Amino acid sequence: MINEEFASLLAAAQGGSEAAFSRLWRDVNPALLRYLRVIAPGAEEDLAAETWVQVVRGLRSFRGDEQAWRAWLFTTARRRAIDLARHRSRRPEAPLDDVAVAQLPRTEDSAEVALEHLSTAAAIALVSGLPRLQAEVILLRVVAGLDTESVARLLTRSPGAVRVAAHRGLRRLAQLTADTGVTL
Amino acid sequence: MTGTDVPNGDMPNIPHSPLQDGSAVTDADLVALLAGKLDVTPGLQPVADVLAALRAEPSLGELAGEARALAEFRRRAGMPVPRRHARRSTAGLTSRLSAKAAAGAAAATLVLGGAATAAFANMLPAPIQRLAHDVLGAPDAPSAAQPVPARGKPTAPGRLASHGTHKSNVKPHSTSRHPNRHGHGQPGTSQGQQGNGEGQQGTGQGQQGKGQSGAAHPGQPGAGQPGQPGAGQGRQGNGLGNPHAMRQYGDPHFLWQLGDPHALATPIAHHAWPARYRPAMDT
């Protein structure tokens, strides 16, 4: 999170400053990739690039604080991921290598992946073993840094449903790590 | 044997998790986890580690797409796309508005010109014709009490309409009210006829169209006195070749005549009347 400098950086980027835009990009893009790695595994790089293209197009007209900025970015990325999923659903002849990790058999497999890597990738693999809504909520709350209301708007759910999903996801994550003895 | 009559060796060896019942994790602990606090209960420490790994510093691979994003930013930010579009749209709007304004102006010109033409041709309905008469000076609409004069009938120079068939409800001016500096006979009679009867005005126009005036033809039938009755008519536009009429523009009597409400209508209205609408004159 950039916090205090965000307003000046955004204004500079809107004025054409590459350095300011680079700072904004560096701050958000890793979180964006981690989020996309869970909801659209295998296509995170392309989806992130398309998201930034769309963000650059609308950068001059954007108004809001850092929370709104991140919500805009992740909303755009999520819509791109949904479009990609629809496109893939119309073309079921995709090779097996492109099948999403989230669509593969999980639970013990995700834990095994986490055990092998012991890194951020392992943590992402663990979260990918959660149900979709729980995984998205945890990533948006923890990785994207959005509050409950922003996540609720992004997922078109109620804030209460988001809180419940977050708690259930954390409980399930705790149970999963306890069962498999995962240590990062 | 187990309680379900299954040999112990056949049962899966599932270790008991301390979090299986869920009682060890409270909502406060979960809120603390989401807030990024690491000092949580020992049972949630692995979860805290997972969340910390999710928040870890970016790797080089996660920053590899910066050049691509910057190129897109440079391409978009370097071009004044919104301004150019705005300029185009403004120019297009201006041209469209100009075309519409020109079309509207042309249409208005045609309508007004046609209306004015019809008004001066006395082709409009009577109420509109009267309005045009008041506003534009077009010929007045004929009324029931004032029948439309016969068209295109030339009149003899020097003739006075007051002697024709056209009735005039005019009170002739008295001689004493219209003194003639030149001492011509009975100017009051002819002036009174000129100023009030439209048929008389038409007669005067007919004379003017021929470049003649009553004054230029003394001795022709008039109000009774040769040269005198036509003097008023001759003053109003037949100056060509008529030294007498030219002289009358500087005549204080002529100026006085302009101030006369009866005489005023005569010279102004005469000039605007087409020849075919001039009232016919009795011979």
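Modeller: A nonpolar core is a set of buried Ala, Val, Leu, Ile, Met, Phe, Trp, Tyr and Cys residues joined through C-beta atoms within 7 Å. This is a predicted model, and its largest nonpolar core has 67 residues.

Colleague: Which residues touch the most other members of that core?

Modeller: They are A:Leu32, A:Tyr35, A:Leu36, A:Val127 and A:Leu139. Helix α2 (residues 18-39) of chain A gives the largest share of this core, 11 residues.

Colleague: How do you know where this core lies relative to domain 1 and domain 2 of chain A?

Modeller: Domain 1 (1-100) and domain 2 (105-184) both give residues to the core, so the core lies between them.

Colleague: What is A:Leu36 in contact with, leaving aside its neighbours within four places in sequence?

Modeller: A:Leu36 is in contact with A:Glu44, A:Leu47, A:Ala48, A:Ala77 and A:Ala81.

Colleague: Why are α9(A) and α2(B) called roughly perpendicular?

Modeller: Helix α9 (residues 159-180) of chain A packs against α2(B) at an angle of about 110°. Angles of 65 to 115 degrees count as roughly perpendicular, and the two helices are therefore described that way. Their axes are 8 Å apart.

Colleague: What makes the contact between these two helices?

Modeller: From α9(A) come A:Leu170, A:Leu173, A:Ala174, A:Thr177 and A:Ala178, and from α2(B) come B:Pro46, B:Val47 and B:Val50. By class, seven are nonpolar, one is polar and none is charged.

Colleague: How many residues of each chain are in contact with the other chain?

Modeller: 34 residues of chain B are in contact with 40 residues of chain A. On the chain B side, α3(B) gives the largest share, nine residues. By class, that side has 20 nonpolar, five polar and nine charged residues.

Note on methods: Residues are numbered from 1 along each chain as its sequence is written. Chains are lettered from A and ligands numbered from 1 in the order in which they are written. This is a predicted model: local features need pLDDT of at least 70, side-chain atom pairs count only at pLDDT 80 or more; totals for chains, interfaces and linings use all residues. A residue is buried if 20 or more other C-beta atoms lie within 10 Å of its own, exposed if 12 or fewer, and partly exposed in between; C-beta atoms are placed from the backbone. Helices (H or I, at least four residues) and strands (E, at least two) are DSSP runs, numbered from the N terminus. Domain bounds come from an automatic or database domain assignment. Two residues are in contact if their C-beta atoms, placed from the backbone, lie within 7 Å. Ala, Val, Leu, Ile, Met, Phe, Trp, Tyr, Cys and Pro count as nonpolar, Asp, Glu, Lys and Arg as charged, and the others, Gly among them, as polar. Axes are lines fitted to C-alpha atoms, for helices over the stretch in contact, and angles run from 0 to 180 degrees between N-to-C directions. Angles under 35 degrees count as roughly parallel, over 145 as roughly antiparallel, 65 to 115 as roughly perpendicular and the rest as oblique.
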